[in-house]
Amino acid sequence: MVTLFHPKGQLEGTFEKTMGAGPDLPGDRSEQREEDRRLMARVAAGDTAAQDELALRVMGCVRRVSRSILRHPDDAEDATQNALVTILTSAGSYRAAASIERWAEGVTVYTALRIVRQRKRHLAAVDGDADPEALTSLEQNTPAPAGLSADLERSLDALPDVRRTTVLLRCAMGYSIEEVGELMGVSPNTVKDRLKQALAQVRVSLRHYLQTERS
Amino acid sequence: MKSNTLCDQWADTFDRALLGEPISDEQHRFQREHEATCALCAEERGAWASLPLRVLPAPLPAPAQRTPGRSIPPEDLATLAKVRARLQAAQKPPARARWSVARARWYVGAGSLAAAACLALFLSAPRFLAPAAPVSPVMVEARMTLIAGEIRVDGRSAAAGTPLTPGASLEVASGRACLRVDPGVSVCLTPGSRAHLTRLERGDRRLELSQGALFASLDPQPAGTSFTVATRAGTVTAVGTAFSVDVPEGEGPVITHVLHGVVAVRAAANDAEVRVARSERVALADGKVSPLPAAADPAEAPSPLSPWDGGAWAAVEVTSRVAGALVTVDGVPFGPAPLSALIAPGAHRLALQVNGESIAQDVIDLAPEERFAKMYPSEPPPTDARTASPSASPSGSGAAGASPAPGAAVPGGASPPGNAPRATASDLLRGARAARAEGRYAEAAAAYRSLQKTYPTSGEAQASLVSLAELELSHLGHPEQALRRFDAYLASGGALAQEARYGRIRALRALGRTKDERAAINAFLAAYPTSVQSSALRERLQAL
């Protein structure tokens, strides 16, 4: 069976109940996990050098995930800092079922989505008629680089935030439909509806970009 | 119209997979066959398949693997500072409200003045003074100074100058490795040694030697510092001395030999301390410290080599085309190639020997913080093997391209006087990446080739083999050249081995070498059974 996305493992209680262990990133080894476990133990013991090492090690991943989900730079920076604080203070809960990076990614996703929900509540308070599903951020954090998948990124950037987040969680980070639903606080059917709408919209713009490049 | 219907059918199947719905083998077969004839659908799949790698880059290498002295982006430093501040703020007890403090003061002052005065007098006796609040220990720095042979730091290859943090593990499979712990402690490990640097506090620097032997040499130490070697049988603590510790495999006694000064030896589970003086040897076993006869054979005395004394530094990285070559610097054997070492700046005689026969000689003159890297015997014509220590480089290159900067800022360039400044390996790599990011693939490829020609032994050149191969395969239509570069990278090894092997498979497919492709896929799946690419490769294997 062809699988486009890497399968996720069993859900673990590593970080509340919504974060799954996730698949290994390419090249992980059991010795690496042992080293990761030692590092996290030092972090949990309050070793400041270990805390800095961990923070700098996952900083790139945390920042990219934050910026992918929260396109506004201030929100993304908030999510980055919040996630790093949580990662450092929750190091003792790391179980080495997945790499540190994968674990940190899960923490960041949860943190970023919490900010997304806060924005939605704020929006509802300010403008009860606004449709969060239709909102798109005006600012983009990362310029779309040239290349084939850059067209896809441009197409994704045009999506409303919640659909874009749904696609990223499912396609870029490999969460299952059920896990995406848990993360976003919606039912699996809502996740599927959002994905169908997102795919239809992305396909139109992506194929337009591809055909434009060909001509 | 028919082709639109087929594309619609492809899209429907694709979407169902994305929605987590089962897809039949027939539908999979249809997708493969349709993608073979419809470039748009194939490109769409390619775009989605690359998304995970674009959104989530590969993890950063561990500190031991990073280029020493490489600057951390200011943005990351700023975020780290804010995170630290938040963590510290979260640990402080909450301030009490002013009104409650004021009221409490009034009550205590009015009702307990006399008692408080007596209590203060009583408590001022030193033995009753509450202990001072614990102060965070002052941490010291440590780094590798010599790496010669098969050495792994934190499970990875490293270069001289690699900083070490508490918990760092060292393994010397062959050759020799030396490290320096500030202030003034040099330690060299012999082949077969395994050790952990467990503490790096100024008042308690500790190395745990689980197997093998080390030699430690200490400059006169400041008051309040100590350096300890911990073993399964006990500890050896020294101040201003030179000594060795030998931990054999199995259950044999641990041997300590003192060359200069005095060490304090404690056997495990026994608090009694035994002082061991110059030229004395003791064995630690069964909870006892037992004296041994002095070493009769001078060869038993440990080598006191410590290649760098902690002052101004330069670095040499020597690789050899001839196996088993021993590197000497100024006539002093340093160890086998490949070798990376910190040495004092200035003129040095570099030589390589195999079985006592000289195979190469060189005279090098290094400026402070200059890095010299060369492969011997050299093939003509190396343009210039010297590189200045690179400034902040995003490459994160591996050991061969490391730039040591022990406690010192990495300069922008250290060209000999009178020479025009030239682009460093990192500059060339940056330029190539910028061109690639902007879609100027031919220009990027030319920049990668220039890097490989100008700095052939640098880590940047090695890593760029994979990038150049990807360009040639995916954008420039040269699968045969891509295959050669993937093979060249894999021949030397490196952190991008998995990417290189996957690229090799794609190159073989593009060349129509089905049999070789099948073999390569089988080897890949054996090595990386749970990788992101594995499912697609298994599918391809079935199709072949």
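A residue counts as buried when its relative accessible area is under 20%, as exposed when that area is over 50%, and as partly exposed in between, with a 1.4 Å probe and protein chains only.

The model on your screen is predicted, so local features need pLDDT of at least 70 and side-chain atom pairs count only at pLDDT 80 or more, whereas totals for chains, interfaces and linings use all residues. Residues are numbered from 1 along each chain as its sequence is written, chains are lettered from A and ligands numbered from 1 in the order in which they are written, and side-chain values use heavy atoms, with hydrogens and water left out.

**The two chains**

Colour by chain, and begin with chain A, which has eight helices and zero strands; helices here are DSSP runs of H or I with at least four residues, strands are runs of E with at least two, and both are numbered from the N terminus. Of the 215 residues in chain A, 56% are buried. Contact means heavy atoms within 4.5 Å, and among the contacts in chain A with a separation of 6 or more, 70% join residues 24 or more positions apart.

Now turn to chain B, where there are 13 helices and 22 strands. Buried residues make up 42% of the 544 residues of chain B, and residues 24 or more positions apart account for 50% of its contacts with a separation of 6 or more.

**Stop one: Thr13(B)**

Select Thr13(B), which you will find in helix H1 (residues 2-18) of chain B. Which residues does Thr13(B) touch, if you do not count those up to four places away in sequence? They are Ile23(B), Gln27(B) and Gln31(B). If you draw a distance from C-alpha to C-alpha, Thr13(B) and Gln27(B) are 7.0 Å apart in space, although they are 14 residues apart in sequence.

Most residues other than glycine have a negative phi, and most peptide bonds are trans. With that in mind, select Asp182(B) and Pro183(B), which are joined by a cis peptide bond with omega near -15°; Pro183(B) sits in the loop between strand S3 (168-181) and strand S4 (185-189) of chain B. Then move to Ala337(B) and Pro338(B), where the peptide bond is cis and omega is about 5°. Pro338(B) belongs to the loop between strand S17 (332-336) and strand S18 (339-343) of chain B.

For the positive phi angles, go to Asp286(B), whose phi is about 55° although it is not a glycine. Asp286(B) lies in the loop between strand S13 and strand S14 (288-292) of chain B, and with a relative accessible area of 76% it is exposed. Asp330(B) also has a positive phi, near 55°, and is placed in the loop between strand S16 (326-329) and S17 of chain B; its relative accessible area of 32% makes it partly exposed.

**Stop three: Arg281(B)**

Go back to strand S13 (residues 281-285) of chain B and select Arg281(B). Is Arg281(B) buried or exposed? At 16% relative accessibility it counts as buried, and its side chain reaches the backbone oxygen of Pro293(B) at 2.8 Å.

**Stop four: a pair of packed helices**

Two packed helices are described by the angle between their axes and the distance between the axes. Show helix H9 (residues 459-474) and helix H10 (residues 479-492) of chain B, which pack at an angle of about 160° with their axes 8 Å apart; the axes are lines fitted to C-alpha atoms over the stretch in contact, and angles run from 0 to 180 degrees between N-to-C directions. H9(B) and H10(B) are therefore roughly antiparallel, a name given to angles over 145 degrees, while those under 35 count as roughly parallel, 65 to 115 as roughly perpendicular and the rest as oblique.

The residues that make the contact include Leu465(B), Ala469(B) and Glu470(B) of H9(B), and Ala482(B), Phe486(B) and Tyr489(B) of H10(B).

Finish on Glu470(B), which is in helix H9 of chain B and is buried, with a relative accessible area of 17%. Its side chain makes a polar contact with the side chain of Arg506(B) at 3.0 Å; a polar contact is a pair of N or O atoms within 3.5 Å, and within protein one must be able to donate a hydrogen and the other to accept it, while residues adjacent in sequence count only if both atoms are side-chain atoms.
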